[in-house]
Amino acid sequence: MKKGLEGLGRWWGGSVVLAGLLLVCPMFVGAGAGGSSQELGPSLVEFQREIVLKLTGGKEIVPGSTLADRFTPERRAVARDYLSSVFQTMDLEPLRHPYRENGESVYALLPSTTGSDEFIVVGAHFDTVDRSPGASDNATGCATVLGVARGLSSLQVRGRGVFFVLFDEEERGLQGSRAFAQKLVDEGKNVVAVHTIDQMGWDGDGDGAIELEVPYEGALELYREAAAVTGFSGHIHVTSETGSDHTAFRRLGMPAVGLTEEYRNGDTTPHIHRPTDTWDTVDFEYLAAGTRLVEAAVTKILRGN
Ligand SMILES: [Zn+2]
């Protein structure tokens, strides 16, 4: 079941080969099984691969510059600008949430089309520890959030608003997500579900399984139904892991769940927090399958079913 990187074809960066891509590349392979609403453009795998490479130094993030990590204030600023630019490619207005000096998350709101005052949060942290390029941890989570945003932004009817949030400083004690959760409380936002993603790129045994961390009531059933919709075949484990951004929202009373590779069940990246957490350790088909699953789950919430 697992497809190695060599099975994905080489990386075709840049639009010069777009015409060729339209003819030969698995343009709709990724979108087909999930019923995703993607329009013409890169496949989900190619879209996410570009994000992961640019965030992790596998490709220039701006001309002449590659990111060694997303730890220093300067490099996190470069990452924020890039993440903002990705939101803009899907006609979402990129917003910033500065919460302290050098602490600033990036987010966008996809508004409800029905006048609902209820909100969903889909989030992932973009920062890393010092001297780790942070591919699995957590460029993959960022690529999941942006992949879901791309899919949902073309939904015609949305029964709730969705905040897509890329948190700063998860690695320093969930600082970005704690501040963002507090902001939602301070603004009196009615948040019906929070889904955060941390490490969604490693599937060494090829079984496609994921874990739900401390799922709120109904979240496991939601993901089982989403799996049926998308053809997601991996097992969905439940764990009690609290060490990521979902915890910040649960602490303030919001229904929250974390999503990850088999972090507790042992099939997790051995490169975590190391200089070797590089883009070429990421299983992009697994990442895309997880992304389609999250998109299907959030779509179900948006439709109120
Ligand atoms: Zn992480």
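This report describes a predicted model of one protein chain, from its overall make-up to single residues.

## The model and its confidence

Residues are numbered from 1 along each chain as its sequence is written. Because the model is predicted, local features need a pLDDT of at least 70 and side-chain atom pairs count only at pLDDT 80 or more, while totals for chains, interfaces and linings use all residues.

The pLDDT is the predictor's confidence in each residue, from 0 to 100. Its average over the chain is 89, and 87% of the residues score at least 70. Over residues 1-38 the pLDDT is below 50, and this stretch has 48 contacts in the model beyond near neighbours in sequence. Two residues are in contact if their C-beta atoms, placed from the backbone, lie within 7 Å. Where pLDDT is low, the predicted coordinates should not be read in detail.

## Overall make-up

The chain has nine helices and eight strands. Helices (H or I, at least four residues) and strands (E, at least two) are DSSP runs, numbered from the N terminus. Of the 305 residues, 49% count as buried. A residue is buried if 20 or more other C-beta atoms lie within 10 Å of its own, exposed if 12 or fewer, and partly exposed in between; C-beta atoms are placed from the backbone.

The eight strands form an open sheet in the order β1-β2-β4-β3-β5-β8-β6-β7, and the pairing is mixed. Strands β1 (95-100) and β7 (236-239) each have a single partner strand and stand at the edges, so one side of each has no neighbour in the sheet. From one strand to the next, the twist averages 25°. Two strands pair if DSSP finds at least two bridges between them. Strands of a sheet pair through backbone hydrogen bonds, either parallel or antiparallel.

Strands β1 and β2 run antiparallel and are joined by five bridges. The bridge partner of Arg-96 is Val-106 in β2, and Arg-100 stands opposite Gly-103 in β2. The hairpin of β1 and β2 has two residues between the strands, and Asn-102 there takes a positive phi near 65°. Of the six residues of β1, the number buried is zero, so β1 lies largely in the open. Five bridges also join β2 to β4, again antiparallel. By contrast, β3 (residues 118-125) and β5 (residues 190-197) run parallel, joined by six bridges; Gly-123 has Thr-196 in β5 as its bridge partner.

## Helices on the sheet

Helix α5 lies across β2 (103-110), β3, β4 (161-167) and β5, and runs at about 145° to β3. Helix α7 (residues 219-230) also packs on the sheet, touching β6 (210-213), β7 and β8 (256-260), with a direction at about 165° to that of β7. For these angles, axes are lines fitted to C-alpha atoms, for helices over the stretch in contact, and angles run from 0 to 180 degrees between N-to-C directions.

All 18 of the 18 residues of α5 are buried. The end C-alpha atoms of α5 (residues 135-152) are 24 Å apart, which agrees with the 26 Å that its 18 residues should span at 1.5 Å a residue. The expected span of a helix is 1.5 Å times one less than its number of residues.

## The nonpolar core

A nonpolar core is a set of buried Ala, Val, Leu, Ile, Met, Phe, Trp, Tyr and Cys residues joined through C-beta atoms within 7 Å. The largest has 75 residues, and Cys-142, Val-145, Leu-166 and Val-298 have the most contacts inside it. Helix α9 (residues 284-303) gives the most to this core, with twelve residues. Not counting residues up to four places away in sequence, Val-298 touches Ile-120, Val-122, Val-148, Leu-152, Val-162 and His-195.

Most residues other than glycine have a negative phi, and most peptide bonds are trans. Asp-91, which is not a glycine, has a positive phi of about 60°. Asp-91 lies in the loop between α4 (73-89) and β1, and counts as exposed because it has 10 C-beta neighbours inside 10 Å. Gln-199 has a positive phi near 70° and lies in the loop between β5 and β6. With 26 C-beta neighbours inside 10 Å, Gln-199 counts as buried.

A cis peptide bond joins Asp-137 and Asn-138, with omega about 10°. Asn-138 is found in helix α5.
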